[in-house]
Amino acid sequence: MNKASPTIQDVARMANVSTATVSRALSAPASVAEETRRLVIEAVERSGYRVNQTARNLRRKQAGAIVVLVPNIGNPFFSRILAGIEATASKAGLNVLIADTRQPRAHEGPLSEYLHNNRADGILVLDGSLPDRFFSAGNRSHPPIVYACEWSEGTRLPSIRFDNAGGAALAVEHLADLGHKSIGHILGPLDNVLTRERRRGFDNALKARGLPMRPDWYFDGDFTLATGANAALRWLELPERPTAVTASSDEMACGFMSELYRNGVKVPEDVSVVGFDDIDIAERFIPALTTISQPRMEIGETAANALIDLIRNPDRKPTGTGFTRLLDARLVVRSSTRAVA
């Protein structure tokens, strides 16, 4: 016959305190004296007591979960961000649910369910195409929301951002320092806030260095391998080609380089290439990709901590624009760039 699981009453008896004190020590440690906390923790460890998180959430009218809205779950860029979110949420006793915002009719059903039916204690938004008004459709209240990585322009919601403009400027400065005077750029989706920020940084860096900004050296893209390959074909057709190209994503940079290789063009001997994001394949690609590294784990951890803080402090209102933190850009130099011969 199985032995009954230890109860909170068992813990209280072993620690010689009330069950209410045990509950406070486990749920709000700061409200209990240090010595009392120590006694309770020791009693929990000796007894093997485990908190019934589901029951606790029901009592608190909480879901015990946060939802992450991702624009494309298949994009490898998001993997480490999600890992950072999961690790941080787990420490806080929260489950993580992931929803792909680009699935057909997602806005009409599943996303609204998460937002307005008490299925989540908080929302992390990695898709900047969702405007603030989406979260308050029909004037319904919503749980705390934090943007991560992407954001809706003009938002008053908190956001954890990367210095995209600064990163693009670092790429240009690196190439200019290598002697490149003609530099092209592969854009991301034109309606994406990251595309606009990275182009802003690219343009400003060209101006600062007195380098030409030629319309035929800007190539359309959408952050995918295929559009990187298409940009390579356009580069090959140019009567006057830039000696270096920066891309708004590593995937596009890899697509660009692979298509050039198929056409007998060598990187970096014939053209230098810089990517953006530092996804896992960047270091292993041939040649290894020089890129702008985003601290993706840190983005996930910082965003999750910001959201958890809002969940635990519901009366705390974001001030001003709600801006939370800007994370610094870093250039990682590898084999895809070299000095002009």
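**Stop 1: the largest nonpolar core**

Start by selecting Ile66, Val68, Ile81, Ile85, Leu124, Leu126 and Ile183. In this predicted model, these residues touch the most other members of the largest nonpolar core, which has 45 residues. Now colour the elements that give two or more residues to this core: strands E1 (65-70), E4 (145-148), E5 and E9, with helices H5 (78-91), H8 (164-177), H9 and H13 (296-312). Which element gives the largest share of this core? Helix H13 does, with 8 residues.

Zoom in on Ile81. Leaving aside residues up to four places away in sequence, Ile81 touches Leu126, Cys149, Arg296, Ile299 and Gly300.

Next, pick Ile123, Leu130, Trp151 and Ala232. They are among the 37 residues of another core, which lies apart from the largest one.

**Stop 2: the whole protein**

Zoom out and switch to a cartoon view. The protein has 13 helices and 12 strands. Of its 341 residues, 49% are buried.

Now think about contacts. Take those between residues at least 6 apart in sequence: 70% of them join residues at least 24 apart.

**Stop 3: aromatic pairs**

The structure holds 4 aromatic pairs. Select Phe162 and Phe276. How are their planes set? The planes stand at 90°, with the ring centres 6.0 Å apart, so this pair is edge-to-face. Phe162 is in strand E5 (residues 159-162) and Phe276 is in strand E9 (residues 272-277), so the pair ties together parts 114 residues apart in sequence. Are these two residues buried or exposed? Both Phe162 and Phe276 are buried.

Move to Trp235 and Phe256. Their rings also form an edge-to-face pair, at 6.4 Å centre to centre and 80° between the planes. Trp235 is in helix H10 (residues 225-237) and Phe256 is in helix H11 (residues 250-262), so this pair links distant parts of the chain, 21 residues apart. Trp235 has 3% relative accessibility, so it counts as buried. Phe256 has 0%, so it is buried as well.

**Stop 4: arginines over rings**

Arg198 lies over the face of the Phe276 ring, 3.9 Å from its centre. Then select Arg199 and Tyr218. Arg199 lies over the face of Tyr218, at 4.1 Å from the ring centre.

**Stop 5: salt bridges**

Side chains of opposite charge can pair when their charged atoms come close. The count of salt bridges here is 15.

Begin with Glu35 and Arg38. Their side chains meet in a salt bridge, at 2.3 Å from N to O. Both sit in helix H3 (residues 34-47), where a spacing of 3 residues separates them by about one helical turn. Glu35 is partly exposed, with a relative accessible area of 44%. Arg38 is partly exposed too, at 37%.

Now select Glu240 and Arg214. In this salt bridge the closest N and O atoms are 2.9 Å apart. Where do the two partners lie? Glu240 is in the loop between H10 and strand E8 (244-247), while Arg214 is in the loop between helix H9 (193-209) and strand E7 (218-219). The pair therefore ties together parts 26 residues apart in sequence. Glu240 has 45% relative accessibility and counts as partly exposed. Arg214, at 24%, also counts as partly exposed.

Next, find Arg334 and Asp278. Their closest N and O atoms are 3.1 Å apart, forming a salt bridge. Arg334 lies in the segment after strand E12 (330-332), and Asp278 lies in the loop between E9 and helix H12 (280-284). So this pair ties together parts 56 residues apart in sequence. Are Arg334 and Asp278 buried or exposed? Both are buried.

**Last stop: a network**

Salt bridges that share partners join Glu35, Arg38 and Glu42 into one network.

Conventions
Residues are numbered from 1 along each chain as its sequence is written. Side-chain values use heavy atoms; hydrogens and water are left out. Rings of Phe, Tyr and Trp (its six-membered ring) pair if their centres lie within 6.5 Å; planes under 30 degrees apart count as stacked, over 60 as edge-to-face and the rest as tilted. Helices (H or I, at least four residues) and strands (E, at least two) are DSSP runs, numbered from the N terminus. Buried means under 20% relative accessible area, exposed over 50%, partly exposed in between (1.4 Å probe, protein chains only). A charge sits over a ring if NZ of Lys or CZ of Arg is within 6 Å of the ring centre and within 35 degrees of the ring normal. A salt bridge is a side-chain nitrogen of Lys or Arg within 4 Å of a carboxyl oxygen of Asp or Glu. Contact means heavy atoms within 4.5 Å. A nonpolar core is a set of buried Ala, Val, Leu, Ile, Met, Phe, Trp, Tyr and Cys residues joined through side-chain atoms within 4.5 Å.
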